[in-house]
Amino acid sequence: MNDKLNTLMADLLRMDSSQVNDELTMAESDVWDSLKHMELIVTLEDEFDLELSPEDIINMMSVKAIREVLERKGIKN
Amino acid sequence: MNLEKKSVLLTGGVAGIGREIAQKLMERGACLAVADINPSGLEQLAAELPGCVTYLCDISDPTQVDECVERWFEKQGHIDILINNAGILFNKPLVRFGPGGVEKHDAASWQKVIDVNLSGTFYMTSSVAAKMLQKRTRGLIVNISSISAAGNRGQSAYSAAKAGVNALTATWAKELGVMGIRVVGIAPGYSDTPSTHKVLSEDMLRQIKSEVPLRRLGRAEEIANGVMAVIENDFFNGKVLALDGGMVI
Ligand SMILES: NC(=O)c1ccc[n+]([C@@H]2O[C@H](COP(=O)([O-])OP(=O)(O)OC[C@H]3O[C@@H](n4cnc5c(N)ncnc54)[C@H](O)[C@@H]3O)[C@@H](O)[C@H]2O)c1
């Protein structure tokens, strides 16, 4: 798990970082709504200094999917 | 926010308060587009303010609003600031004694005032905010409200519309703040503009002035100065600044 991503997700979703794992999805989280998703996208772009395409954003519906997108852009653990 | 070279869309910039705002934006080096429903007024504005782009647009029509926003966005590549100023002043009591007996506020004028003053602000802001989000622009929305939002006698539709604008200002500040977009409001008190003189008789204006601690109407330039102040102060957000000479409705 990417430490920085883990911390960032925990902060955004107001969870303990131990509860954030690859299986966490937008659909299953009460907190991760469409407004939170916008905040997530802007935060990821700021923190990792990258630009996410509309396709990336649509795909980033789980921690696993976010990690995959970040990895495709060369951001690793 | 510094206005130099900023891409700004202003509604209702042909007359009154909007005209003063347009002037000040151009003086500060903004790239300005004005959307207004008055075609001859837009022609005159373009002649008076060289470089100001004009769009004929009725803000109460969401299709026209989207077209206008699209055209300015295509031209500029992004939009930094939206100023929702266009509005119509309207007075009518809820009920009154008329020549034929008791009359009630008609639905058509209620709807018209809500369409322009409230829905127009909603259509413009949703369209511009979508562009800001698309380009991750850390922009600004300025809504021109009114002190009548507190509830003013004889202004059911106008007061309700402006109260709605205040609620939208607070709501959007909460929604868009995380993207770095500020949303602010300015609530003028009674101001010396053509619409004020059209809607209110000289007697009514005298009465109103006597209720203002400063004993006068606001000047369009003073309201426009307030708009410049909230643009420049990057920590002002989600609130509506009253510029009313101390008048309490
Ligand atoms: N004048 C006052 O005393 C006063 C007080 C409080 C708030 N306000 C608010 O300030 C703003 C400006 O008021 P003003 O007194 O300068 O008015 P005004 O009538 O002098 O100017 C309004 C401008 O908006 C344009 N407009 C009207 N309907 C439109 C539409 N559907 N689509 C596009 N443009 C449209 C007009 O053509 C005009 O150029 C309004 O939102 C008004 O409610 C005014």
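How many residue pairs are in polar contact across the interface of chain A and chain B? The rule finds three, both residues of each pair being at pLDDT 80 or more; a polar contact is a pair of N or O atoms within 3.5 Å, and within protein one must be able to donate a hydrogen and the other to accept it, while residues adjacent in sequence count only if both atoms are side-chain atoms.

This is a predicted model, in which local features need pLDDT of at least 70, side-chain atom pairs count only at pLDDT 80 or more, and totals for chains, interfaces and linings use all residues. Residues are numbered from 1 along each chain as its sequence is written, chains are lettered from A and ligands numbered from 1 in the order in which they are written, and side-chain values use heavy atoms, without hydrogens and water.

**The interface**

Select helix H2 of chain A, residues 34-48 (a DSSP run of H or I, at least four residues). This helix gives the most to the side of chain A that touches chain B, with seven residues. Next, display A:Asp46 and B:Arg138, which form a salt bridge with their closest N and O atoms 2.9 Å apart; the criterion is a side-chain nitrogen of Lys or Arg within 4 Å of a carboxyl oxygen of Asp or Glu. The interface holds two salt bridges by this rule.

**The ligand**

Now move to the ligand and select B:Asp58, which places a polar side-chain atom 2.9 Å from a ligand nitrogen atom. At B:Ser191, a polar backbone atom is 2.7 Å from a ligand oxygen atom. Finally, select B:Ser195: one of its polar side-chain atoms lies 2.9 Å from an oxygen atom of the ligand.

Methods: Helices (H or I, at least four residues) and strands (E, at least two) are DSSP runs, numbered from the N terminus.
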